[in-house]
Amino acid sequence: QVRLVESGGGLVQPGGSLGLSCAASGSIFSINVMGWYRQAPGKQRELVAITSGGSTNYADSVKGRFTISRDNAKNTVYLQMNGLKPEDTAVYYCNGEIQPIGTYYRWYWGQGTQVTVSS
């Protein structure tokens, strides 16, 4: 069974920084795309950043402030968030396109971690 477990959320002041990590565990054969999404109260879940095959893509709202990176040996994806704004407040979810041993690729979600930007 494959699991994605996020860590690193919390409360930070505007302009501050926070780092998130997400580790995939279980009977994993291969991982393709890994990324981060977020969902603010009353809003739809939206893409923040994704990485695949060494390439990265970011939502326009976070370009230049957030950085996604990945450690393939650890099956872990990171999100470094700098210059945080109140509008970045949301539950952040890790997402991965993962192929478990003996079966096909499918998408998995983490349980989410709260990020609150407030003074």
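Arg 38 belongs to strand 4 (residues 28-39), while Asp 88 sits in the loop between strand 8 (76-81) and strand 9 (90-100), so the pair ties together parts that are 50 residues apart in sequence. Strands here are DSSP runs of E with at least two residues, and helices are runs of H or I with at least four, numbered from the N terminus.

## About the model

This is a predicted model, in which local features need pLDDT of at least 70 and side-chain atom pairs pLDDT 80 or more, while totals for chains, interfaces and linings use all residues. Residues are numbered from 1 along each chain as its sequence is written, and side-chain values use heavy atoms, leaving out hydrogens and water.

## Further partners

Asp 88 also meets Arg 65 in a salt bridge, at 2.7 Å from N to O. Arg 65 lies in the loop between strand 6 (55-58) and strand 7 (66-71), so this pair links parts that are 23 residues apart in sequence. Arg 65 is buried too, as is Asp 88.

Arg 38 has a salt bridge with Glu 46 as well, the closest N and O atoms being 2.7 Å apart. Here Glu 46 is partly exposed at 36% relative accessibility, whereas Arg 38 is buried at 6%.

## The network

Which residues do salt bridges with shared partners join into one network? They are Arg 38, Glu 46, Arg 65 and Asp 88. Across the whole structure, the search finds four salt bridges.

Terms used. A salt bridge is a side-chain nitrogen of Lys or Arg within 4 Å of a carboxyl oxygen of Asp or Glu. Buried means under 20% relative accessible area, exposed over 50%, partly exposed in between (1.4 Å probe, protein chains only).
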